[in-house]
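Work through the exercises below with the sequence and the structure side by side, and try each task before reading its solution.

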Amino acid sequence: MANTSVTAVPSEVVAQFRRVLVQEAGGYLRNPIREDRTTCATCTTPVDGYTHCYRCKTHLSAGAAATLVAPLTYAVATHQSGYVMRGYKARPPVAEHYGIVAMLLIVALTDHAACVGRLVGAPVTHWSFVPSLPAKLDGHPLRKIVASAAPGQEIVLVSNPAPASPRSMDAGNFRAETKLPTGSHVLLVDDTWTSGGHVQSAALSLRDADASHVSAMVAARWIRPDFGDNARFLRERCSADFDPQVCPWTGGLCP
């Protein structure tokens with residue numbers, strides 16, 4: 001069932017997180033670029049003159065439920081940002097990496113969760129996170145992080161123990177434990193967006209639970225520098241240090 005989010009992180013702690021995040025990780029984390037026909041309008045991956053990347057275009061044509069997606073940074077394979085996203089949920093987790101991901105999400109949820117409500121025209125009322133598929137017995141480290149700063153009430157998603165198509169967009173991959181009230185806006189949080197199949201599957205299950213709006217915030221958009229012109233894109237367009245004040249929904253000022 002839905003649970004009320006825990007007490008918000010104190011403002012002075014969030015301010016400290018902003019400073020530490022920039023000092024310790026600003027040199028290798030990068031704000032995603034939002035530029036028409038340069039990056040995908042949904043997931044911010046580089047594109048070559050198109051509005052959306054192939055995966056997001058496929059998802060949208062199939063009825064993807066989360067049309068507003070906010071990656072907080074790029075996770076570049078074989079680079080420090082990629083190691084961080086893998087290390088934070090290793091068994092056992094790399095403490096430094098867990099701390100970076102936690103600060104990244106807590107700052108973004110505190111500063112920018114309300115932004116998507118203004119864009120949609122309906123404030124966020126509930127939150128959820130994308131569980132592992134299939135579920136892990138020891139749980140997912142993401143939930144504890146998100147619960148500390150997400151707005152509204154939690155709506156729990158349960159993984160299908162035997163998913164038919166775990167890497168595809170399939171509403172059957174997850175199930176919401178409860179129905180949602182009319183007009184609800186769910187902020188769905190995940191750690192890494194690779195193809196988007198997990199997030200969109202979870203979003204579809206929330207729609208099936210009567211969510212009126214589903215928006216997604218992901219800690220990182222995974223990028224392979226050896227694919228296409230990604231290396232040039234990263235070199236030419238992603239040289240500025242990470243700035244937590246940049247709105248992940250707009251790529252600039254908060255709405």
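Contact means that heavy atoms lie within 4.5 Å, while helices (H or I, at least four residues) and strands (E, at least two) are DSSP runs numbered from the N terminus. The model is predicted, so local features need pLDDT of at least 70 and side-chain atom pairs count only at pLDDT 80 or more, whereas totals for chains, interfaces and linings use all residues. Residues are numbered from 1 along each chain as its sequence is written, and side-chain values use heavy atoms, with hydrogens and water left out.

**Exercise 1.** Find which residues of helix 7 are buried, and what covers them.

*Solution.* Buried means under 20% relative accessible area (1.4 Å probe, protein chains only). In helix 7, residues 230-237, the residues N230, F233 and L234 are buried. They cover an arc of only 95° around the axis, taken from the directions from the helix axis to the C-beta atoms, which puts them on the same side of helix 7. An α-helix has 3.6 residues a turn, so residues three or four places apart point the same way. The cover over these buried residues includes strand 2 (68-76) and strand 8 (213-223).

**Exercise 2.** Decide whether T44 is buried or exposed, and list what T44 touches.

*Solution.* Begin with its place, which is in the loop between helix 1 (11-25) and helix 2 (54-61). T44 has a relative accessible area of 0%, and therefore T44 is buried. Not counting residues up to four places away in sequence, T44 touches P32, I33, R34, T39, P71, Y74 and R221.

Methods:
Buried means under 20% relative accessible area, exposed over 50%, partly exposed in between (1.4 Å probe, protein chains only).
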